[in-house]
Amino acid sequence: AEDGIRDAQESRGLGDVYKRQAEYMGPEENALKLLKAGPRQHLFFTPGEVRAAIVTCGGLCPGLNVVIRELIMTLHFNYRVREIYGIKYGYKGFYSYDWVKLNPQVVRDIHHLGGTMLGSSRGGFDLEKITNVVIEKNITHLYVIGGDGTHRGVTELYKEFARRKLKIAICGIPKTIDNDIPLIDKSFGFESAVDEAQRAITSGMVEARAAEYGVGLVKLMGRNAGYIAMHASLASRDANICLVPEFQFDVNGPDGLYEFVYNRLLARRHCTIVVAEGSADAIRDEHLSAKGTDASGNRVLADVGKLLKDGLTNFCKAKGMDLTLKYIDPTYMIRSIAANSVDKEMCASLAQHAVHGLMAGFTGFSTGVVNSRTCFIPLSEITKSVRKILPNDRAWQRLLASTGQPSFINDEKGFDQAECHVSVMKM
């Protein structure tokens, strides 16, 4: 009976998530319905014929090694797949480096380590070269771990495999330390990043309070979204000011940031500031140009930390205040740590469900937690937008209540909050 079902599935070919979604759920207007992830009763692939490849792309993030390990463990022990290969240094590793044979013994202890045992890189995506080498190596499963840029590559590969009618199933596992991928509840590594970021904020607070006019300036990750800065500030309870890319602000003027910090130093003698790296774009009265793009096409951001460090120092000096400012940038310390227990559990679950999905014949999807349930998510839902903090988000409003910071907008009465995506709440 199993062989008959498998043959029937093979005659249909691999199923993408949208098609299977319609089959299981039925059409319903104005509702996004996702397939619940998990093992299926019947397999599309015969385990003994599966040849799997795993690649990590983009920047480092806590939990990458946990995902790699769990993919291998699930393939090997749950499905008895023996042909598993690792691709070195991201997309370019498909055609530039020898592939690495993987098994449980090789990855036994890597979940205790930060980084990725396979290495990673930005860029290097070449559709023709990657497709040809995957065909040459007789790969049937391709697991790609990366962020939105990486998932755009996954989408192109999925379309190319379908165009050539190849029996190759591909899925993505969403990775972004900034937690800015839409739809999913949160991305793996985020909890670990917030934990480590708190330590940097604590260091900034200690330095600030140890000086007569002390400022602890902590720059955290957050290119387009300030989730790490916001949640680390909420958790630490030590930040007096939190600046994120979503909400514009002025640094100069009577209601600007510099004046506020100066007056706080006069009154309290210390100030701890947390700023997300992408906040340079939110400054209204200073123009900081991006410095080109990196290999993934992302803008190389201007250093908002250096701007604020120099600006505050010069502003206070002009007013006769001898400011002591300690600038802390823990970016590489945060992204290179091992995952904490919460992220390890999430990484393991995402990897297991990715294997279950491909073995069942699904392709062109990413695994993620949506409304506390692990789902198979169509790739288009992962790449279509960037999630950002909204002015009325409860977490942001709780942060404003915690710090008591104003909007840092000089012409607040004439400022269009909705149009410019800026919170003008004063506490």
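Modeller: Start with Glu160, in helix H6 (residues 148–163). One caution applies throughout: this is a predicted model. Is Glu160 buried or exposed? Its relative accessibility is 9%. Buried means under 20%, so Glu160 counts as buried. What does Glu160 touch, leaving aside its neighbours within four places in sequence? The contacts are Leu127 and Thr131.

Just after H5 comes Asn138, with a positive phi of about 60 degrees.

Now the wider setting. The protein chain has 427 residues, and 55% of them count as buried. It holds 15 helices and 14 strands. Take the contacts in the protein chain with a separation of 6 or more: 77% of them join residues 24 or more positions apart.

H3 spans residues 64–79 and H12 spans residues 341–359. Their axes come within 8 Å and cross at roughly 45 degrees. The two helices are therefore oblique to each other. The crossing is right-handed. H3 brings Val66, Val67, Glu70, Leu71, Thr74, Leu75 and Tyr79 to the contact. From H12 come Lys344, Cys347, Ala348, Ala351, Gln352, Ala354, Val355, His356 and Met359. By class, this contact of H3 with H12 has 11 nonpolar, 3 polar and 2 charged residues.

Next, H9 with H10. The axes of these two helices come within 10 Å, at a crossing angle of roughly 60 degrees. H9 and H10 are therefore oblique to each other. The crossing of H9 and H10 is right-handed. On the H9 side, Leu257, Tyr258, Glu259, Val261, Tyr262 and Leu265 take part. They meet Leu307, Leu308, Gly311, Leu312, Phe315 and Cys316 of H10. The residues of this contact divide into 10 nonpolar, 1 polar and 1 charged.

A search of the whole structure finds 12 aromatic pairs. One of them joins Tyr258 and Phe315. Their ring centres lie 5.9 Å apart, and the planes stand at 45 degrees, a tilted arrangement. Tyr258 belongs to H9 (residues 257–268) and Phe315 to H10 (residues 304–318), so the pair ties together parts that are 57 residues apart in sequence. Tyr258 counts as buried, at 3% relative accessibility. Elsewhere, ring pairs link Tyr85, Tyr91, Phe94, Trp99 and Phe125 into a cluster.

The last pair is H8 with H14. H8 covers residues 227–236 and H14 covers residues 394–403. The axes come within 10 Å and cross at roughly 50 degrees. H8 and H14 are therefore oblique to each other. Which hand does the crossing of H8 and H14 have? It is left-handed. Met230, His231, Ser233 and Leu234 make the contact from H8. Ala395, Trp396, Arg398 and Leu399 make it from H14. The residues of this contact of H8 with H14 split into 5 nonpolar, 2 polar and 1 charged.

How much of H8 is covered? Most of the helix: 8 of its 10 residues are buried. Three residues of the H14 contact, Met230, Ser233 and Leu234, are among those buried. Tyr227, Ile228, Ala229, Ala232 and Ser236 are buried as well. Just after H8, Arg237 takes a positive phi of about 65 degrees.

Back to the starting point. Glu160 sits in H6, is buried and touches Leu127 and Thr131.

How values were computed
Residues are numbered from 1 along each chain as its sequence is written. This is a predicted model: local features need pLDDT of at least 70, side-chain atom pairs count only at pLDDT 80 or more; totals for chains, interfaces and linings use all residues. Side-chain values use heavy atoms; hydrogens and water are left out. Axes are lines fitted to C-alpha atoms, for helices over the stretch in contact, and angles run from 0 to 180 degrees between N-to-C directions. Helices (H or I, at least four residues) and strands (E, at least two) are DSSP runs, numbered from the N terminus. Angles under 35 degrees count as roughly parallel, over 145 as roughly antiparallel, 65 to 115 as roughly perpendicular and the rest as oblique. A crossing is left-handed if the near helix is turned anticlockwise from the far one by less than a right angle, and right-handed if clockwise. Contact means heavy atoms within 4.5 Å. Ala, Val, Leu, Ile, Met, Phe, Trp, Tyr, Cys and Pro count as nonpolar, Asp, Glu, Lys and Arg as charged, and the others, Gly among them, as polar. Buried means under 20% relative accessible area, exposed over 50%, partly exposed in between (1.4 Å probe, protein chains only). Rings of Phe, Tyr and Trp (its six-membered ring) pair if their centres lie within 6.5 Å; planes under 30 degrees apart count as stacked, over 60 as edge-to-face and the rest as tilted.
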